Amino acid sequence: MNKRAGMLCLLLVVLLAVVAAQAQPAHVTAIKAGRLIDPETGTAATNQVILIEGEKITAVGPNLAIPAGATVIDLSKLTVLPGLVDAHTHMAITYKEKPESNYYYLTYIMDSTPLRAIQAASNGIQLLNSGFTVVRDVGNNALYADAALRQAIEQGWLPGPTVIPSGPMIGSTGGQFWPTPEMYKYHNIMFPEYIDANSPDEIVRAVRENMLFGARTIKLCIDCKPWGYSVEDIKLAISEAAKGGCKVEGHVQTTDGAQRAIDAGIHMIAHGNALTPEQHQQMAAKGIFLNGTDTPFMPYRGSEQAFKRTVANLRDAWEKKVPLTFSTDLDYWNERMKNEKTGEWLTRGDMTIAFLETWKAAGIPPADILHSMTINGYKAADIIKERGPIKPGFYADLIAVAGNPLTNIDALHNVQFVMKNGMVFKKDGVMTPEKFFHPGPVRMPNGRWTR
Ligand SMILES: [Zn+2]
């Protein structure tokens, strides 16, 4: 072999080594599931194997061969199901009895954006620990703490759910506040908690700004003020949001406001209290999701009277076949939030799953509750094409519980296992989040930080 041929051989060996390194298959994990729930059909299959390569599911079935070298996770004594969705919450605000008397105008003055972002990170971990792999976070996030959390989780800095952030809520003058002229005109007190948008131009600008700064959904205050938004205003926001791939949720607190949102063909309506049975029918016909935020009556929250109304509204919406999501609006804390038996603090995940009480009181069957907590949640969050169902090609987000939630929905209180993006976050009831922490970004979507 002459010198040149030798060099060529060496080059070939190096090239082959590079190609081999690039083609090396991702690590395979095999999960043995004693019972696997498909919430789309409300059915369960026994003794299933789920194969996962890297972040995604590659195969699901009863008798799959487990490749040599695969990591085997034995959940044969548990029920495996897709991760849960809270379709309406606020991880970066917690108003309290002390010091602000539950007056969140004060919370957002006293707690800085960085502090609120750190709290959101903690709340995200607490929610993931309770099985919530997707969270729609819709406003009251100071200066884009929600979008920052989404980016931090996507970049692999810390564990957390897939966050669908809205950025600040967009509303007509005043947002949800009634500020003094001094605070409004001279201190711009509305911002960043709300973006004032009072004309078509301002609506377009506000929607674009939120999408520019990392929003994945748009939140409108439809009727927080008597002047509110018209059908045309809402339609404009919907069409502008669509350009950035975002769906619109409308906060609604009056029957008139709800009707304008329905007439505009909004994607989601938040809060169920102002909706009439006729409007439930219209929402069902149009496929408009209801993020009812159905607060239970607990020692730390609510009243019996309000609870009865919420239960009746949820029941009627379910009977009328409105696409319901599981949603909480959980953005408060007080010193009564303790486990009555153990005296330990409840986590935000514990308090979120406690919203099942409302669904149970409404007499909604477990299979339908599960459907709302998963399939409808993925659809409302507009991620169902890539995340949620336990099927080949989807991200490996799944949880496991003792017992069978199709017969006893309270099984969801006892999440033993959580996997997100193919990484184990919780096993045998204990958080094991080491794999989620990276010192640098593991990915930058589209090479840009915010989108
Ligand atoms: Zn809310």
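Predicted model: local features only at pLDDT ≥ 70, side-chain atom pairs only at ≥ 80, totals over all residues.

User: What does Ile203 touch?

Analyst: Leaving aside residues up to four places away in sequence, Ile203 touches Ala197, Tyr229, Asp233, Leu236 and Ala237. Touching here means heavy atoms within 4.5 Å. As for Ala264, 61 residues separate Ile203 from Ala264 in sequence, and the C-alpha to C-alpha distance is 15 Å.

User: How do H6 and helix H7 pack, and at what angle?

Analyst: H7 spans residues 231–243, and H6 packs with H7 at an angle of about 35°, the axes being 9 Å apart. H6 passes H7 in a right-handed crossing. From H6 come Pro200, Ile203, Val204, Val207, Arg208 and Met211, and they meet Asp233, Leu236, Ala237, Glu240, Ala241 and Lys243 in H7. Sorted by type, the residues of that contact are eight nonpolar, no polar and four charged.

User: What makes H8 and H9 parallel, antiparallel or perpendicular, roughly speaking?

Analyst: Check the angle. The axes of helix H8 (residues 255–264) and helix H9 (residues 277–286) cross at roughly 20° and come within 11 Å. Angles under 35 degrees count as roughly parallel, and H8 and H9 are therefore roughly parallel to each other. Their crossing is left-handed.

User: Which residues of H8 and H9 meet?

Analyst: On the H8 side you'll find Thr255, Ala258, Gln259, Ile262 and Asp263, meeting Gln279, Gln282, Met283 and Lys286 of H9. The residues of this contact divide into three nonpolar, four polar and two charged.

User: Now the sheet. In what order do its strands come?

Analyst: The order is E5-E7-E8, three strands in an open sheet with parallel pairing.

User: Why are E5 and E8 said to stand at the edges?

Analyst: Strand E5 (84–89) and strand E8 (162–165) each have a single partner strand, so one side of each is left without a neighbour in the sheet. From one strand to the next, the twist averages 15°.

User: How do you know that E7 pairs with E5 and with E8?

Analyst: Pairing needs at least two bridges. E5 and E7 have four bridges, in the parallel sense. Strand E7, residues 132–137, also pairs with E8 over four bridges, again in the parallel sense. So both pairings pass the cut-off of at least two bridges.

User: Which residues are bridge partners?

Analyst: Asp86 has Val135 in E7 as its bridge partner. Val134, in turn, has Thr162 in E8, and Asp137 stands opposite Pro165 in E8.

User: What makes E7 mostly covered?

Analyst: Six of its six residues are buried, where buried means under 20% relative accessible area.

User: Which helices lie across these strands?

Analyst: Helix H4, residues 145–154, lies across E7 and E8 and runs at about 150° to E8. Helix H13, residues 366–380, lies across E5 and E7 and runs at about 50° to E5.

Key
Residues numbered from 1 in each chain as written. Heavy atoms only, no water. Helix = DSSP H or I, 4+ residues; strand = E, 2+ residues; numbered from the N terminus. Axes fitted to C-alpha atoms, helices over the stretch in contact; angles between N-to-C directions. Parallel < 35°, antiparallel > 145°, perpendicular 65-115°, else oblique. Left-handed = near helix turned anticlockwise from the far one by under 90°. Nonpolar A, V, L, I, M, F, W, Y, C, P; charged D, E, K, R; others polar. Buried < 20%, exposed > 50% of the residue type's maximum accessible area, 1.4 Å probe, protein only.
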